[in-house]
Amino acid sequence: MHGMIFNELKNYADLKYGNSAWGDLIKESGLNTRFYLPIKDYPDEEIVNIIVTASKLLGKTVDFLLEDFGEFVSHKFIGNYKQLIKPEWNVLDFIQNVEEEVHVIMRKLVRGSRPPVLKYKRVNNKELIVYYSSERKLCVLAKGVIRGAGNHYKEKLVILEKNCMHKGADCCEIVVINTNSL
């Protein structure tokens, strides 16, 4: 997992749960005084360990924390790639272009980057189906990022997951409905 994600998870933990939250999580996770550089890649197991520890300490589910974190971190993703975002896009246009405009570039420029593979089916101007595939199976995080993108665009979304890799599907099928245009 990319170091930027760890840094954003630290920001999330400290903002949502207090200035000592990150230090407590690192200590309780058995990672001692681990420091994450934003330009380096780290084992996925470390972030999983931190999230599972947070779930236990905070009494919140792993899925809740991942989705909430995804919503939180979406602003960072959008900000990092804003030069690739066309001003005329709405939230569904943005989501539909993440693979081609962002993930392809990430895979080329960021060593060790392994973003999910996204495919799309645009049903109409109100509905988009996202087909999410990743060895990490972080579809819950993806739903949070989608919700955060809706917040960025000031558009309300309904997000439904029809199929999930956690339940044996080849990919997750996430239906995104823009309720602003209903």
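Predicted model: local features only at pLDDT ≥ 70, side-chain atom pairs only at ≥ 80, totals over all residues.
**Lys154**

I then looked up where Lys154 sits: the loop between α6 and β3, with β3 covering 157-163. I also checked its backbone. Phi of Lys154 is near 55°, a positive value, and the residue is not a glycine. I wrote that down because most residues other than glycine have a negative phi.

**Lys137**

For Lys137, I found phi near 55°. Lys137 belongs to the loop that runs between β2 (127-133) and α6. Is Lys137 exposed or only partly exposed? I read 34% relative accessibility, so Lys137 goes down as partly exposed.

**Val140**

Next I moved into helix α6, which spans residues 139-153 and holds Val140. I looked up its accessibility and got 10%, so Val140 counts as buried. The cut-off here is under 20%. What does Val140 touch, beyond residues up to four places away in sequence? I listed Asp63, Leu66 and Glu67. I also took one distance across the chain. Val140 and Gly70 are 70 residues apart in sequence, and their C-alpha atoms are separated by 8.0 Å.

**Asp14**

Asp14 is in helix α1, residues 3-17. I then looked for polar partners of Asp14. The side chain of Lys10 is one, in a polar contact of 2.7 Å with the side chain of Asp14. I also found a polar atom of the Asp14 side chain 3.1 Å from the backbone nitrogen of Trp22. Which residues does Asp14 contact once neighbours within four places are set aside? My list reads Asn19, Ser20, Ala21 and Trp22.

**Ser29**

I looked at a loop residue too. Ser29 lies between α2 (21-28) and α3 (44-58). Is Ser29 buried or exposed? Its relative accessibility is 9%, so I put Ser29 down as buried. Apart from neighbours within four places in sequence, Ser29 is in contact with Asn49, Ile50 and Thr53.

**Whole chain**

Last, I stepped back to the fold. I counted six helices and four strands in the protein chain. In order from the N terminus, I read α-α-α-α-α-β-β-α-β-β. The radius of gyration is 16 Å, close to the 16 Å from the globule rule for 182 residues, so the chain is as compact as a globular protein of that length. I also noted the box around the C-alpha atoms, roughly 50 × 35 × 30 Å along the principal axes.

I checked burial over the chain: 45% of the 182 residues are buried. I looked at contacts with a separation of 6 or more, and 57% of them join residues 24 or more positions apart. The accessible surface is about 10100 Å², and carbon and sulfur atoms hold 54% of it. For charge, I noted 26 positive and 23 negative side chains. The centres of these two sets lie 1 Å apart.

Methods. Residues numbered from 1 in each chain as written. Heavy atoms only, no water. Helix = DSSP H or I, 4+ residues; strand = E, 2+ residues; numbered from the N terminus. Rg over C-alpha atoms; globule rule 2.2 N^0.38 Å. Buried < 20%, exposed > 50% of the residue type's maximum accessible area, 1.4 Å probe, protein only. Contact = heavy atoms within 4.5 Å. Areas by Shrake-Rupley, 256 points an atom, 1.4 Å probe, with all protein chains shown as cover. Lys, Arg positive; Asp, Glu negative; His and termini not counted. Charge placed at Lys NZ, Arg CZ, Asp CG, Glu CD. Polar contact = N/O pair within 3.5 Å; in protein donor to acceptor, adjacent residues only side chain to side chain.
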